[in-house]
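Have the sequence and the 3D view open side by side for this one. We'll walk from the inside of the protein out to its strands, then on to the metal and the aromatic rings.

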Amino acid sequence: MVQRTIALSFLLTLLMAPLMAQTPPIPSLDAWEVHDLERPQPRMVTPSAMTPAPPPSDAIVLFDGQSLDEWTHRTGQPASWTVKDGYMEVRAGAGAIATKRSFGDVQLHIEWATPNSGDGQDSGNSGVYLMNTYEVQVLNSYENKTYPDGQAAALYGQYPPLVNASRPAGEWQSYDIVFRRPHFDDNGDLTRPARVTVFHNGVLVQDNVILTGPTGHRSRPPYQAHEDQLPMVLQDHNEPTRYRNIWVRELAPEM
Ligand code: MG
C-alpha cells in the first residue's frame, strides 16, 4: 500500500512537472530599489539599420499610418492624437489612447520616434501599456541618462533592458514584444505571472522576464486579478512622441 502510494505520488509529480515548469515563482527584485540610480547602466549597442517590417498575413493592424479607427481615449471619446505623414503623434494633454480591441497573449510590433528635446524622464517619454497595466517604457535613451529601470525598453520600475540599443532622438525605432498574460484562479489569486520578451531595434533587451506585478512609478504593486483580455494603451506623458506601423498577432493561449 505504502509502495503504491509512493509510486502514485511519483507518477503525479512526473505528470505535474510540465505544469510546474510553467508556473515560475515571482522573482524578488529586492536587490534593487525601484528607480535605483546605483543600478548599472546598460551598455550601448549600435543596432543595424532599420528594415521595413510590413505586417504578416495573420496580424491585426492597429495603425497603418492613416487613421486612428482602432483607437479611443479611455474616456470613450474618439482618439484625438495628431495623424500626419504616416505617423501618429501624442497630442500633449489629450490623454492616453487605448485600442478598441482587447488582447491577452500577443506578439506586438510597434515603431516610435521621440522628439529631440528635454532630458531625463522628460525626453520623449511615452509608453506601451500591455493590458493597460504593464508598461514597456518609451523614452529617448540615446545619450540621455536616467534611472536604468525607466529608460527605453525597460519594464518600468522593474527591469532595465539588457543593453541600450537606442537610436538618436528623432530617428525611428522599433519594439518587437512577446507578451504572456498573467493567470488568476477563480478566487482572484495569481497562478502564473506575466512574462515579457522585447527586441529593441532587433536587439534582445528583455529575455522572457517575469513581471512582479503592474508597473508603477516609485512602486512595485502586487498583481491584482483582471480580465483575460484588455486594451493596449499608449501613454500621453506630455511630449510629442510619434508612433507608426503597429500590429499584433494574437497568440494561442498557453495551456
Ligand atoms: Mg512612460
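A word on cavities before we look for any: on a 1 Å grid over the protein atoms alone, a cavity is a set of points where a 1.4 Å probe fits but cannot get out, and its lining residues have an atom within 4 Å of a point. Grid points are joined across faces, edges and corners, and the volume is the space filled by probe spheres set on the points. Keep in mind that this is a predicted model, where local features need pLDDT of at least 70, side-chain atom pairs count only at pLDDT 80 or more, and totals for chains, interfaces and linings use all residues. Residues are numbered from 1 along each chain as its sequence is written, and side-chain values use heavy atoms, with hydrogens and water left out.

So what does the search turn up? Across the whole structure there is 1 cavity of 30 Å³ or more, and the largest cavity has a volume of about 50 Å³. Its lining is made of Phe 103, Gly 104, Val 106, Leu 130, Met 131, Phe 179, Leu 230 and Met 232. Sorted by type, that lining has 7 nonpolar residues, 1 polar and no charged; here Ala, Val, Leu, Ile, Met, Phe, Trp, Tyr, Cys and Pro count as nonpolar, Asp, Glu, Lys and Arg as charged, and the others, Gly among them, as polar.

Two strands pair if DSSP finds at least two bridges between them. Strand β6 (106-113) runs antiparallel to β15, joined by 7 bridges, and the bridge partner of Val 106 in β15 is Glu 250. Strand β15 (residues 242-250) is also joined by 3 bridges to β1 (residues 60-63), again antiparallel, with Val 61 opposite Trp 247. Strand β4 (residues 87-89) pairs with β15 in the antiparallel sense too, over 2 bridges, and there Glu 89 faces Arg 242.

Now find the open sheet of 5 strands, ordered β2-β5-β14-β7-β8 with antiparallel pairing. Strands β2 (71-73) and β8 stand at the edges with a single partner strand each, so one side of each has no neighbour in the sheet. Further in, β5 (residues 97-99) and β14 (residues 233-234) share 2 bridges, and Ala 98 stands opposite Val 233.

Next, the magnesium ion. Its protein donors are Asn 125 (OD1), Ser 126 (O), Glu 135 (OE), Gln 137 (OE1) and Gln 235 (OE1), lying 2.2 to 2.3 Å from it. Donors are N, O and S atoms within 2.8 Å of the metal (3.2 Å for Na, K and Ca), and water is not among the atoms, so sites may look incomplete. Both Asn 125 and Glu 135 are buried, meaning under 20% relative accessible area (1.4 Å probe, protein chains only).

Rings of Phe, Tyr and Trp (its six-membered ring) pair if their centres lie within 6.5 Å; planes under 30 degrees apart are stacked, over 60 edge-to-face, and the rest tilted. Tyr 87 and Trp 172 make a tilted pair, 6.2 Å centre to centre with 55° between the planes. Tyr 134 and Phe 179 are tilted as well, at 5.8 Å and 35°.

Note on methods
Helix = DSSP H or I, 4+ residues; strand = E, 2+ residues; numbered from the N terminus. Buried < 20%, exposed > 50% of the residue type's maximum accessible area, 1.4 Å probe, protein only. 1 Å grid on protein atoms, 1.4 Å probe; cavity = no way out; pocket = protein on both sides within 12 Å on 5 of 7 lines; lining within 4 Å.
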